[in-house]
Amino acid sequence: MIDLDTSDLQLLCALRDDCRLSLRDLGEKCSLSAPAVSARIRRLEQAGVIRGYTVTLSDSAFALEVEALIYTKVRFNSIPDYLEYMRSSLAVSSCLKIADEYSYMAIASFKSISQLNNFAMYLEQNFGQSRISIILKKEFINRVPLNFENNCN
């Protein structure tokens, strides 16, 4: 485990919010020079704290109007097939094993309620009972929580 100081945590918060910031801009947010930021990022990458950088795609760019949480009680003998199906489905952005009445929760996006309904019927016919919750609004984007006393602001 790596010891993180306040500057590391501020840097991680800034990267979490916008990983495309320049070294200079990151340094301004963390009160560090660009070379110091670069060295810290390299150390955090090598330690496995930073595992990668990502792009968040817009659902609307693909005309995906319906986003839903899909809970499924997957039959035990169907788990490998279910996971393979979810991995291969372009509609699914996340699939989580959960401790609940249902065994898995997926987040998926569709062009229409009809497509969502067809997807849910396929899951029920092949893997087990499903329950759908439509997402009305995302209050903020997915992010890794950071637990420390100083805020990221």
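Colleague: Ala63 lies in the loop between α3 and β1. What makes Ala63 buried, exposed or partly exposed?

Modeller: This is a predicted model, and its values are computed from the atoms. The relative accessible area of Ala63 is 34%. Buried means under 20% and exposed means over 50%. The value 34% falls in between, so Ala63 is called partly exposed.

Colleague: What is said about the phi of Ala63?

Modeller: Ala63 is not a glycine, yet its phi is positive, about 60°. Most residues other than glycine have a negative phi. Ser31 is another non-glycine residue with a positive phi, in this case near 60°.

Colleague: Where is Ser31, and is Ser31 buried or exposed?

Modeller: Ser31 is in the loop that runs between α2 (23–30) and α3 (34–46). Its relative accessible area is 69%. The cut-off for exposed is over 50%, therefore Ser31 counts as exposed.

Colleague: Turning to the whole chain, which elements does the chain have, and in what order?

Modeller: The chain holds five helices and four strands. Read from the N terminus, they follow the order α-α-α-β-α-β-β-α-β.

Colleague: How do you know whether the chain is a compact globule or more spread out?

Modeller: Compare two values. The radius of gyration is 20 Å, whereas the globule rule gives 15 Å for 153 residues. The chain is well over the rule, so it is called more spread out than a compact globule. Along the principal axes, the C-alpha atoms fill a box of roughly 55 × 35 × 25 Å. Of the 153 residues, 31% are buried.

Colleague: How is the chain divided into domains?

Modeller: Domain 1 covers 6–47 and domain 2 covers 59–135. The C-alpha centres of domain 1 and domain 2 are 36 Å apart.

Colleague: What is the strand order of the sheet?

Modeller: The sheet is open and has four strands in the order β2-β3-β1-β4, paired in the antiparallel sense.

Colleague: Which are the edge strands, and why are they called that?

Modeller: They are β2 (92–97) and β4 (130–135), each of which pairs on one side only. On average, neighbouring strands of this sheet are turned by 20° against each other, with direction ignored.

Colleague: How do you know that β2 and β3 pair?

Modeller: Two strands pair if at least two bridges are found between them. β2 and β3 (residues 104–110) have five bridges, so they meet that cut-off, and the sense is antiparallel. Two places show this pairing: Leu96 stands opposite Met105 in β3, and Lys97 has Tyr104 of β3 as its bridge partner. The hairpin that joins β2 to β3 passes through six residues.

Colleague: What makes β1 a partner of β3 and of β4?

Modeller: The cut-off is again at least two bridges. β1 has seven bridges with β3 and six with β4, so both pairs count. Both are antiparallel. Tyr71 has Met105 in β3 as bridge partner, while the bridge partner of Ile70 in β4 is Ile132.

Colleague: Why is β1 called mostly covered?

Modeller: Seven of its seven residues are buried. In a regular strand the side chains alternate between the two faces of the sheet. In β1, Val66, Ala68, Ile70 and Thr72 point one way, Glu67, Leu69 and Tyr71 point the other way, and all are buried.

Colleague: Which helix packs on the sheet?

Modeller: Helix α4 (residues 79–88) does, touching β1 (66–72), β2 and β3. The direction of α4 makes about 30° with that of β3.

Colleague: How do you know whether Thr72 is buried or exposed?

Modeller: Thr72, a residue of strand β1, has 0% relative accessibility. That is under 20%, so Thr72 is buried. Leaving aside neighbours within four places in sequence, its contacts include Tyr82, Tyr102, Leu123 and Gly128.

Colleague: What makes Gly128 buried or exposed?

Modeller: Gly128 is in the loop between α5 (113–126) and β4. Its relative accessibility is 5%, under the 20% cut-off, so Gly128 is buried. Gly128 and Thr72 are 56 residues apart along the chain, but their C-alpha atoms are separated by 6.3 Å. Besides Thr72, Gly128 touches Lys73, Arg75 and Leu123, not counting residues up to four places away in sequence.

Key:
Residues are numbered from 1 along each chain as its sequence is written. This is a predicted model: local features need pLDDT of at least 70, side-chain atom pairs count only at pLDDT 80 or more; totals for chains, interfaces and linings use all residues. Side-chain values use heavy atoms; hydrogens and water are left out. Axes are lines fitted to C-alpha atoms, for helices over the stretch in contact, and angles run from 0 to 180 degrees between N-to-C directions. Contact means heavy atoms within 4.5 Å. The radius of gyration is taken over C-alpha atoms; the globule rule is 2.2 Å times the number of residues to the power 0.38. Buried means under 20% relative accessible area, exposed over 50%, partly exposed in between (1.4 Å probe, protein chains only). Domain bounds come from an automatic or database domain assignment.
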